[in-house]
Structures are given as structure tokens and as C-alpha cells.
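My notes follow in the order I looked things up.

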Amino acid sequence: MNDFFTKTDLSRKDAENIISETLNKCDDGELYLENSKSESIVLDDDKIKSSTYSSDLGYGLRAVTGEVVGYSHSNEISKNSLKQS
């Protein structure tokens, strides 16, 4: 999980404080962090036919109060982005 906080101004403690404050009056909620990487190489007769690489980094924030569900997401992990969510 530390990988999420090494390239940003957001620390784990900051994230915990912002989420606690945001979900204070909610019935339920969660912060989902994503950091995924994938690579694919297609060979044809021992020659590279194609190759792809993708990297996804971001978060999703869900808040539930009664029957109302709010959801926010971003591919920018920062204090400002999380506060705006």
C-alpha cells in the first residue's frame, strides 16, 4: 500500500483523516485504492507480433447514508483530489 503514497503529497495518515471526516455522518463507506500493471507480448513464428503495456493508478470512494449512495473516483491520488471527492 505504501506505493500509493510515495509519489504524492498524500500520506496514509492524511488519507485516514480525510476519509474519517468524510464518512463521519455516513452509515457506511469505503476507500478503494488501485495500482495495477499489465504487459502482453504476442509472438508469431518466434517474432514479436505486438506488445502492450498498461498501468492504472487511482481510487474510488463510496459513502452510504440510508438508501443514498455517493461515489467518487479519480486517477489522481493527492490530498486535494481526495478532499474534493
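Entry 1: I started from leucine 33, which stands opposite tyrosine 59 in β2. The model is a predicted one, so I read every position here as computed. I then followed the pairing of β1 with β2 and found it antiparallel, over 17 bridges. The two strands make a hairpin, and two residues lie between them. In that turn I noted aspartate 45, whose phi is positive, about 55 degrees.

Entry 2: Next I took β2, residues 47–65, and its pairing with β3. This pairing is also listed as antiparallel, over seven bridges. I looked up two positions along it. Arginine 62 has tyrosine 71 of β3 as its bridge partner, and valine 64 stands opposite valine 69 in β3. The hairpin of β2 and β3 has two residues between the strands, and glycine 66 in this hairpin takes a positive phi near 60 degrees.

**Entry 3: the sheet as a whole.** I put the two pairings together. The three strands form an open, antiparallel sheet in the order β1-β2-β3. β1 and β3 (68–74) are at the edges with a single partner strand each, so one side of each has no neighbour in the sheet.

**Entry 4: positions on β1.** Strand β1 covers residues 28–44, and isoleucine 41 lies in it. I found Ile41 in a nonpolar surface patch together with Leu43 and Ile48. The accessible area of these residues together is about 330 Å². Lysine 37 is also in β1. Is lysine 37 buried or exposed? Its relative accessible area is 51%, and the cut-off for exposed is over 50%, so lysine 37 counts as exposed. I also took the distance from lysine 37 to aspartate 27: they are ten residues apart in sequence and 33 Å apart in space, C-alpha to C-alpha.

**Entry 5: the faces of α1.** I turned to helix α1, residues 12–22, and asked which of its residues are buried. They are Ala15, Ile18 and Ile19. Viewed down the helix axis, these buried residues fall within an arc of 95 degrees, so they line one face of α1. On the face of α1 turned away from the buried side I found the exposed residues Lys13, Ser20 and Glu21.

Entry 6: How many salt bridges does the model have? The count comes to four. I began with glutamate 16 and arginine 12, whose closest N and O atoms are 3.1 Å apart. Both lie in α1, four residues apart, which is about one turn of the helix. Glutamate 16 is partly exposed at 37% relative accessibility, and arginine 12 is partly exposed with a relative accessible area of 44%.

**Entry 7: a salt bridge between helices.** Aspartate 14 forms a salt bridge with lysine 79, with the closest N and O atoms 3.5 Å apart. Aspartate 14 belongs to α1 and lysine 79 to helix α2 (residues 79–84), so this pair ties together parts that are 65 residues apart in sequence. Both ends came out as partly exposed: aspartate 14 at 23% relative accessibility, lysine 79 with a relative accessible area of 30%.

**Entry 8: a salt bridge across the sheet strands.** I went back to arginine 62, this time for its side chain. It meets the side chain of aspartate 28 in a salt bridge, 3.8 Å from N to O. The pair links distant parts of the chain, with aspartate 28 in strand β1 and arginine 62 in strand β2, 34 residues apart. Aspartate 28 is partly exposed at 41% relative accessibility, and arginine 62 is partly exposed at 25%.

Technical notes: Residues are numbered from 1 along each chain as its sequence is written. This is a predicted model: local features need pLDDT of at least 70, side-chain atom pairs count only at pLDDT 80 or more; totals for chains, interfaces and linings use all residues. Side-chain values use heavy atoms; hydrogens and water are left out. Patches are made of residues with over 30% relative accessible area and no salt bridge: like charges are joined within 9 Å, nonpolar side chains (Val, Leu, Ile, Met, Phe, Trp, Tyr) within 5 Å. Accessible areas come from the Shrake-Rupley method with a 1.4 Å probe; for residues, only the protein chains shown count as cover. Buried means under 20% relative accessible area, exposed over 50%, partly exposed in between (1.4 Å probe, protein chains only). Two strands pair if DSSP finds at least two bridges between them. The arc is that of the directions from the helix axis to the C-beta atoms.
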